[in-house]
Amino acid sequence: MTTGEPLELDRIENDAAALLRELAVIGNLKRGHIVVFGTSTSEVMGARIGTAGATDVAERLFRGWMGAAGELGLYVAFQCCEHLNRALVVSEELLEAYPQFERVSVVPVPKAGGAMASYAYRHLANPCVIETVAAHAGIDVGDTLIGMHLRRVAVPARLAVRSLGHAHVTAAYTRPKLIGGARAVYELEPSGHDKPASDTSHCT
């Protein structure tokens, strides 16, 4: 989309849902997994991040993502802006499922939290704010930087939709760390007899 071209809000909503569905397939996301969203509605509008937050854009993104997340059984976390130290708006249900995450006391507003997080706080069922999260996957709209809220190890996901409005979109899923070295085995063979490396010495 070129700068100055009017936004198609229906398309933004549909593309947002498609992004999450595709990421769920590529990242092998399961019911109960967490997806973090970092969003600059200013960038979607074609402005510089933090300068032109748009509630109508936040509404359409929220509807698209929540619809897809509901279908997939995923928990969502909406990252606030830097003025709230990138805290996250989540549901009480997520906090009950993952009690290791710490609740903080604040109400996101457009000038301190951002349009997306503010909208999510007012429209999620039983919203609360937590300080950090370790998400299984994430979508970043407008290069807001969500890496601090992803589990290790993050794997870039090349999705079909590369932009929402005027904003660049990146996404990632995560995988468990591969530990060990040349002797390590990462998949159980059907027979149950894993083949070690050529070194036949034994671990104690």
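Axes here are lines fitted to C-alpha atoms, for helices over the stretch in contact, and angles run from 0 to 180 degrees between N-to-C directions. Keep that in mind for the helix pair below. What you have open is a predicted model, in which local features need pLDDT of at least 70 and side-chain atom pairs count only at pLDDT 80 or more, while totals for chains, interfaces and linings use all residues. Residues are numbered from 1 along each chain as its sequence is written, and side-chain values use heavy atoms, with hydrogens and water left out.

**Stop 1**

Select α1 (9-26) and α3 (55-72); helices are DSSP runs of H or I with at least four residues, strands are E runs of at least two, and both are numbered from the N terminus. The axes of α1 and α3 come within 8 Å and cross at roughly 35 degrees. The crossing is right-handed, a term for the near helix being turned clockwise from the far one by less than a right angle.

Now show side chains. Residues of α1 including Leu9, Ala16, Leu20 and Ala24 meet residues of α3, among them Val57, Leu61, Trp65 and Ala68; contact means heavy atoms within 4.5 Å.

Next, take α1 alone. Its 18 residues reach 26 Å from first C-alpha to last, close to the 26 Å expected at 1.5 Å a residue; the expected span is 1.5 Å times one less than the number of residues. Its buried residues include Ile12, Glu13, Asp15 and Leu23, where buried means under 20% relative accessible area, exposed over 50% and partly exposed in between (1.4 Å probe, protein chains only). These buried residues pack against β1, α2, α3, β6, β8 (163-164) and β9. Just after α1, look for Asn28, which takes a positive phi of about 55 degrees.

For α3, the 18 residues should span 26 Å, and the end C-alpha atoms are 25 Å apart, which agrees. Arg60, Phe62 and Gly64 are among its buried residues.

**Stop 2: the cores**

Center on Trp65. Which residues does Trp65 touch, not counting residues up to four places away in sequence? They are Ala16, Leu20, Phe37, Thr39, Phe78, Met116, Ile139, Val141 and Leu164.

Of its 44 residues, Leu20, Trp65, Phe78 and Ile139 touch the most other members. Elements each supplying at least two residues of this core include β1 (34-39), β2 (75-79), α5 (115-123) and β9 (167-174). A second, separate core of 16 residues includes Ala77, Val133, Ala135 and Ala172. In soluble globular proteins, nonpolar side chains tend to be buried together.

**Stop 3: Ser42**

Select Ser42, in helix α2 (residues 41-45). Ser42 is buried, with a relative accessible area of 3%. Leaving out residues up to four places away in sequence, Ser42 touches Ala47, Arg48, Ile49, Gly50, Thr51, Ala52 and Gly53.

**Stop 4: two cysteines**

With a disulfide taken as a pair of cysteine sulfur atoms within 2.5 Å, the count comes to zero. Cys80 is in no disulfide, and the nearest cysteine sulfur, that of Cys81, is 6.9 Å away. Cys80 is buried, with a relative accessible area of 1%.

**Stop 5: Glu131**

Finish at Glu131, in the loop between β5 (127-130) and β6. Is Glu131 buried or partly exposed? Glu131 is partly exposed, at a relative accessible area of 43%. Show its partners Arg86, Ala87, Leu88, Glu102, Val104 and His149, not counting residues up to four places away in sequence.

Methods
A nonpolar core is a set of buried Ala, Val, Leu, Ile, Met, Phe, Trp, Tyr and Cys residues joined through side-chain atoms within 4.5 Å.
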